[in-house]
Amino acid sequence: MSAYFVTAIGTDIGKTYVSAQMLKAWRGAGKKVAAVKTLMSGFGEADLPASDAGQLLQAMGQAVTPRAVSKICLHRFEAPLAPNVAMREAGMVQDYAAILAFTRKALSAASPGDKVLVEGAGGVMSPVTDQRLHIDFMEDLSLPVILVAASYLGAVSHTLTAIAAIRARGLDLAALVASQPHPGAQDPHHLLREVGLFDPVPAAAVPYNAAAGTLCDMLDAR
């Protein structure tokens, strides 16, 4: 099994877009794929096909049903809030151990040779609970990290800061991916060139509606 944690420099950067493109590329190459979206907010039950988990299921070639979503997503909230805030407002116990156990169980269900993605919620330092951040979650899972970024004013600073935070925890940064999740987004190659001036991290771009085969090949060659 080759598993990766997909995080980002912020929210609405294109994590799900990149993850879905990777799953499709691996499937197209004849590989078995799986994905986990442990925590999800901003989608109601009627919106499941368009939700992050729904897009991942479709990229895996699976039907989007409430049961299928529940298999890859432990908690989902309609309000577009950080997981800890959503749980707090819903009166839920913020059980980090259960969140970690759910994710580990999903990973353990994968077979040798599978390609598995664990997609976070929000960015590198986004809270999971009132006591844990996503970078804690990544450290506890100890998976290679795929950092997704997108071009906008300030993105170079945000990307370099995220890279520094990931490395400070001793995590394996497998790749920086510049995304273009919609046609109006800026050219992703520009961001990679600018970041590369200061940190030559392994990187790839996933332009709008483009296959992620190059990125998948790069990861497979590690």
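Predicted model: local features only at pLDDT ≥ 70, side-chain atom pairs only at ≥ 80, totals over all residues.
User: Okay, and which residue does Asp136 meet in a salt bridge?

Analyst: The general idea is that side chains of opposite charge can pair when their charged atoms come close. Here the partner is Arg169, with N to O at 2.9 Å. Arg169 sits in the loop between helix H7 (155-168) and strand E7 (173-179), while Asp136 belongs to helix H6, so the bridge ties together parts 33 residues apart in sequence. As for accessibility, Arg169 is partly exposed at 30%.

User: How many salt bridges are there?

Analyst: The count is ten. One of them joins Lys37 and Glu119, at 2.8 Å from N to O. Lys37 is in the loop between strand E2 (33-36) and strand E3 (39-41), and Glu119 is in strand E5 (residues 115-119), so this pair ties together parts 82 residues apart in sequence. Both ends are tucked away: Lys37 is buried at 1% relative accessible area, and Glu119 is buried at 3%.

User: What about Arg88 and Asp130, how far apart are their closest N and O atoms?

Analyst: Those atoms are 2.8 Å apart, and the two residues form a salt bridge. Arg88 comes from helix H4 (residues 83-89) and Asp130 from the loop between E5 and H6, 42 residues apart. Arg88 is partly exposed at 46%, and Asp130 is partly exposed at 40%. There's also a network of salt bridges linking Lys31, Lys115 and Asp220.

User: Now the rings. How many aromatic pairs are there?

Analyst: You describe a pair of aromatic rings by the distance of the centres and the angle of the planes. The count here is three. Take Tyr4 and Trp26: the centres are 6.4 Å apart and the planes are at 15°, so the pair is stacked. Tyr4 is in strand E1 (residues 2-8) and Trp26 in helix H1 (residues 15-28), so the pair ties together parts 22 residues apart in sequence. Tyr4 is buried at 6% relative accessible area, and Trp26 is buried at 1%.

User: Are Tyr96 and Phe137 stacked or edge-to-face?

Analyst: Edge-to-face: the centres of Tyr96 and Phe137 are 6.3 Å apart, with 75° between the planes. Tyr96 is in helix H5 (residues 96-108) and Phe137 in helix H6 (residues 134-141), 41 residues apart. Both Tyr96 and Phe137 are buried.

User: Which residue lies over the face of Tyr96?

Analyst: That's Arg132, at 5.1 Å from the ring centre.

Notes:
Residues numbered from 1 in each chain as written. Heavy atoms only, no water. Phe/Tyr/Trp six-rings, centres within 6.5 Å; stacked < 30°, edge-to-face > 60°. Helix = DSSP H or I, 4+ residues; strand = E, 2+ residues; numbered from the N terminus. Buried < 20%, exposed > 50% of the residue type's maximum accessible area, 1.4 Å probe, protein only. Lys NZ or Arg CZ within 6 Å of the ring centre and 35° of its normal. Salt bridge = Lys/Arg side-chain N within 4 Å of Asp/Glu carboxyl O.
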